[in-house]
Amino acid sequence: LVRFALLNAASVVIDVRAADDLVVAGEDVGLDVQVWNGGPFRIDGVVLRNVGAEQDVGLPAEFLDAQGQTEGPQTLEPGDIARWSYRVRLRQSLDPSRLYYLGVQRAGDMYRWVGDPASRGLPRNARPLLRAVGEFDLHIPQLDEPVHVVWGDDAEYVGVNGALGEFREPVLATPAVSVAIEPSGMVWPEGSFEARPVTVLLRNEATSGSVGEVSLQVPEGWEVTPSIIPFDLQGEGAIRGFTFQVRPVGAVGAGEYVFRAVATREDGVRFDERVDIIDYPHVERTLYLRPAEVRASVFPVRIREGIRVGYVMGSGDDGLKALRQLGAAVEEVGPDRVRVGDFSGYDVLVLGIRVYETRPDVVAVNDRILAFAEAGGTVI
């Protein structure tokens, strides 16, 4: 706090910027360090310190090396700027920027705070991913001796939004390949042996691309085809979907079954997690990683023959898909039919999640929905 107060009072601005907001193990990233003397005092001996190795940048242990142009000790008169530019290579063993309390399974409803002790009790990880460390002497005329300042600043990614202007984000380490599964959940009538599609979505974040094979692992009693599908993803952000067919082949009883997706690169590195970026104006940007799996619930289902079901979609609603997975003949009631308020031809009318909060057109025909129920229809 004293250092920050001193630098602010002296109008010394230190800026550490990374060239990318998402970094991947084994790859390089640019790092720019800038010290600007915006105040009235002279600064001598401006350097980046050697920390634990032959390098001019202070970095956590995950980083392999730092290479680039380095300017030597400098004197900064008021208004002068010192700059350093580096290429930093991350080790292959670099872990993703997973929130420390999500690193292991919870004990009931309680998180297990493991890993970096400095993060314990904090809302996010305390340890920075990229950090520069330096020092200089600040000459203040009223003092007999210069003030020696040692500083350390975390790197940020700096971008420009066309509507909001400049923004800053923390640098996050992400797996090279994100693995997700669609649908997010499945229900399966007991005794049904039909094949169903399961799609694995791969997203590449490595600048060098990712090539390998993706598979879907299923428990005993289930069959998946094909067993393996090759993938070749080039360019950051490249996305492709790969569809497998899954069906029960044995006596699969009622219960919950887990299907897991695994992507294996040519270098043998395995990826089996979905990566989502939590990014809102009111919270700091972070990664949320979860297993690339879907749970299929198998249970007895009886559906009356010839029943006609109409479904009115709500918000974030997968109910229509779930009913179809159960084998019901469900028809979506579109906006045009909702506005008319004509629900004839249906035996059952299902209203989706939060439909009265998100669908003003449904609220407007609520009297028609009640009339449908009074006439003998079932409203859920």
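These legends describe close-up views of a predicted model. Local features need pLDDT of at least 70, and side-chain atom pairs count only at pLDDT 80 or more, while totals for chains, interfaces and linings use all residues. Residues are numbered from 1 along each chain as its sequence is written, and side-chain values use heavy atoms, with hydrogens and water left out.

**View 1. The largest nonpolar core has 33 residues.** A nonpolar core is a set of buried Ala, Val, Leu, Ile, Met, Phe, Trp, Tyr and Cys residues joined through side-chain atoms within 4.5 Å. Buried means under 20% relative accessible area, exposed over 50%, partly exposed in between (1.4 Å probe, protein chains only). Trp84 and Trp151 are among the residues with the most contacts inside this core. Strand 6 (81-90) is one of the elements that give two or more residues to it. Strands (E, at least two residues) are DSSP runs, numbered from the N terminus. Strand 6 gives the largest share, five residues.

**View 2. A second, separate core has 31 residues.** Its members include Val24, Val246, Phe271 and Val298.

**View 3. Four strands form an open sheet in the order 12-14-18-16.** Their pairing is antiparallel. Two strands pair if DSSP finds at least two bridges between them. Strand 12 (177-182) and strand 16 (222-225) stand at the edges, each with a single partner strand, so one side of each has no neighbour in the sheet. Six bridges join strand 12 to strand 14 (196-204). Val177 has Asn204 in strand 14 as its bridge partner.

**View 4. Val283 lies in the loop between strand 21 (273-278) and strand 22 (286-291).** Val283 is partly exposed, with a relative accessible area of 33%.
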